[in-house]
Amino acid sequence: MNASFGETVRFIGRSAKRLAVAVVGGALVAVGLVMLVLPGPGVLVVALGFAVLATEFVWAHHVLEAGKRGARRVTDAARRAGRRAPRR
C-alpha cells in the first residue's frame, strides 16, 4: 500500500472532520438529553445534535428524518384537535 503524500493528507483530513462531527454532534445530543430533565430547550438541542451528525453519518440522517416525521404527525394531530375544540 503505497499511498502518496497527498492521499495520506486527504485521508487524515476526512478522518479528522468525521471525528470532529462525531464529538460535537454527540456532545449536543448528550447535553440535549440532560436538558430534557433540566430547564432548557432539550428537544431542540437533541435535534441540532442529530443534524450535525447527519452531515457525516447516514444512520443519523435516518434518525433525524424519523424525528421530523413524528413531529409533523404530532403537529397535525394538535391542529386537528384544535379545530374540534368548542370555542367559548
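Predicted model: local features only at pLDDT ≥ 70, side-chain atom pairs only at ≥ 80, totals over all residues.
**View 1. Valine 46 and its contacts.** Setting aside neighbours within four places in sequence, valine 46 touches Leu28, Val29, Gly32 and Leu33, where contact means heavy atoms within 4.5 Å. Residues are numbered from 1 along each chain as its sequence is written, and side-chain values use heavy atoms, with hydrogens and water left out.

**View 2. The largest nonpolar core.** Here 9 residues come together: Val21, Val29, Val46, Phe50, Leu53, Ala54, Phe57, Ala60 and Leu64. A nonpolar core is a set of buried Ala, Val, Leu, Ile, Met, Phe, Trp, Tyr and Cys residues joined through side-chain atoms within 4.5 Å. Helices H1 (5–37), H2 (42–54) and H3 (58–84) each put in at least two residues, and H2 gives the most, with 4. Helices are DSSP runs (H or I, at least four residues), numbered from the N terminus.

**View 3. The aromatic cluster.** Phe50, Phe57 and Trp59 form one cluster, and the structure holds 2 aromatic pairs. The rings of phenylalanine 50 and tryptophan 59 sit 6.5 Å apart at their centres with planes at 90 degrees, so this pair is edge-to-face. Phenylalanine 57 and tryptophan 59 make a tilted pair, 6.1 Å centre to centre and 35 degrees between planes. (Rings of Phe, Tyr and Trp, its six-membered ring, pair if centres lie within 6.5 Å; planes under 30 degrees apart are stacked, over 60 edge-to-face, the rest tilted.)

View 4. Phenylalanine 50 is buried at 18% relative accessibility, and phenylalanine 57 is buried at 15%. Tryptophan 59, at 48%, is partly exposed. Buried means under 20% relative accessible area, exposed over 50%, and partly exposed in between (1.4 Å probe, protein chains only).
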